[in-house]
Amino acid sequence: MALPSFQLWLALLLLTAACASAVHPRKLARLGGLKRLAASESSSDLPPEYEIHYYRQTLDHFNYKPESYATFQQRYILNYKYWGGANISSPIFVYTGEEKDVTYDVEGFILDLAARFKGLLLYIEHRYYGESMPFGSENLAFQNSSTLGYLSSEQALADYAQVIVDVEKNLSAENCPAIAVGASYGGMLASWFRIKYPHIVIGALASSSPILYFDDITPQDGFDVVVTKDFKETSESCYNTIKQSWSEIDRVAAESNGLTTLSNLFNTCRTCRGIDGAAEGTDVLGRIVAGLNSLNSWGSCQDIVSYELSNQSAWDWQTCTEIVMPIGRGNETMFEAEPFDIENYTKECVDVFRVMPRPHWITTEFGGHDIKTVLGNFASNIIFSNGLRDPYSIGGVLEDISDSVVAVYTEQGAHCLDIDVPTPDDPDWLVAQRDKEIKIIAAWIAEYYAKLSAK
């Protein structure tokens, strides 16, 4: 019976979210991301050194139809606290905003970079997120596929280019080197920005950016292979319990009143530690229940939430158009096999948005196949950073492509951990990863200054 397995899979997915950062294939979330303001806080609660600005942004950068010239207010944030100024050509660190309100991204390792290099901080909000809404409001922007049709990574990159150029002009900072910094989807944007607009930024730090999880470049089950490896290395018992649970769930669900039995058993309405803590002799379902109960400290029951596409979600639109990551599960993981099904994926998108996904467009637009040869021929100054405990690292660049397009990774790191807020308790391997990134960026800036002085 497919339905019971799916329902319990959702419950058990909490195991993965808690222990290994797995998510629904469509949800490229910043699971280990930066420290953010609480969701209830508004932009007015930002520390005073953060200045909010708005740029009158072009709706459509790639057409010359009358409607393409419409504009909207795109939000960006400046922080001058560490900046040495345009007179000495101090650098500008540009945060390439991802699928979030940009005010949630103002802290992190980027502050350390600004402090070390006397940099200006520029955070740019991605169109259709936060307050940067075309057509003047979220309701109008999400009205239909025609109004959502201006949402794409290409349009976002062109937005960033225009904002950077405008900020540099306003500050007489045209000789200040700009460096793009981004995480997860924002990291993909940072790397693509360096490739597409090398005349605007001199380099990019792309943290946890799975730019190779498209077409057939990365195995479809790579994500859950890493999740499974993380579980197995952390707890053999947890791994075995989850792997064995699927057939047991199906067995109980197939019985008379099986769904009711499972609902009562799981107290449906979060998991690894609970599994290891279950009494010796506890059966498979009992250990799963113990795991779930160990995380449920805020309520009396287990809240199981299904994931469905929403026509009010900008990210869902992006996954239904160009960000098509073929994530599926084979037989080499602790989960039930569920191969990626492009036909069903397409049907969902057509049903919700009335659009057909373009699964090959990202590699056509930005490349990916034979990336070592391609980027080795013309790209420079990109850091692809990863932590190998991050399931998305399987779709990242994990080998140096050239002397200046480099992979910096750690065995124990998680999603976007290197650009999280540094703390005194950070392990030596994480400190070393950041130090290596700083050294590389310092070389970029030194090279830029050398060429500037030689003019």
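Predicted model: local features only at pLDDT ≥ 70, side-chain atom pairs only at ≥ 80, totals over all residues.
**Helix H13**

H13 runs over residues 342-353. Its twelve residues should span 16 Å at 1.5 Å a residue, and the end C-alpha atoms are 16 Å apart, which agrees. Which residues of H13 are buried? They are Tyr345, Thr346, Cys349 and Phe353. Seen down the axis of H13, the buried residues fall within an arc of 95 degrees, so they line one face of the helix. A general rule fits here. An α-helix has 3.6 residues a turn, so residues three or four places apart point the same way. Glu343 and Lys347 are exposed on the other side of H13.

**Two residues with positive phi**

Most residues other than glycine have a negative phi. Two residues in this model depart from that pattern. Asp215 is not a glycine, yet its phi is positive, about 50 degrees. Arg354 is not a glycine either, and its phi is positive at about 60 degrees. Asp215 sits in the loop between strand S6 (203-207) and helix H7 (222-234). Arg354 lies in the loop between H13 and helix H14 (361-366). Are these residues buried or exposed? Asp215 has 17% relative accessibility and so counts as buried. The cut-off for buried is under 20%. Arg354 is exposed, with a relative accessible area of 61%.

Ala206 has 0% relative accessibility, so it counts as buried. What does Ala206 touch, leaving aside its neighbours within four places in sequence? The contacts are Gly182, Gly187, Ser191, Ile383, Phe384 and Ser385. Ala180 is 26 residues from Ala206 in sequence, and their C-alpha atoms are 8.1 Å apart in space.

The 13 residues of H7 should span 18 Å at 1.5 Å a residue; the end C-alpha atoms are 18 Å apart, which agrees. Buried residues in H7 are Gly222, Phe223, Asp224, Val226, Val227, Thr228, Asp230 and Phe231.

H8 (residues 236-254) meets H7, and it also meets H9 (residues 258-266). Two packed helices are described by the angle between their axes and the distance between the axes. The table sets out both pairs.

| Helix pair | Angle between axes | Axis distance |
|---|---|---|
| H7 and H8 | about 130 degrees | 5 Å apart |
| H8 and H9 | roughly 125 degrees | within 6 Å |

How do H7 and H8 pack? Their axes make an angle of about 130 degrees, and that makes H7 oblique to H8. On the H7 side, the contact is made by Thr228, Phe231, Lys232 and Thr234. On the H8 side, Glu236, Cys238, Tyr239 and Ile242 take part. By class, this contact of H7 with H8 has four nonpolar, two polar and two charged residues. Thr228 and Phe231, listed in this contact, are also buried.

H8 and H9 cross at roughly 125 degrees and are therefore oblique to each other. Here H8 contributes Ile249, Val252 and Ala253. H9 contributes Gly258, Leu259, Thr261 and Leu262. The residues of the contact of H8 with H9 divide into five nonpolar, two polar and no charged.

Key:
Residues numbered from 1 in each chain as written. Heavy atoms only, no water. Axes fitted to C-alpha atoms, helices over the stretch in contact; angles between N-to-C directions. Helix = DSSP H or I, 4+ residues; strand = E, 2+ residues; numbered from the N terminus. Parallel < 35°, antiparallel > 145°, perpendicular 65-115°, else oblique. Contact = heavy atoms within 4.5 Å. Nonpolar A, V, L, I, M, F, W, Y, C, P; charged D, E, K, R; others polar. Expected span 1.5 Å × (residues − 1). Buried < 20%, exposed > 50% of the residue type's maximum accessible area, 1.4 Å probe, protein only. Arc of directions from axis to C-beta.
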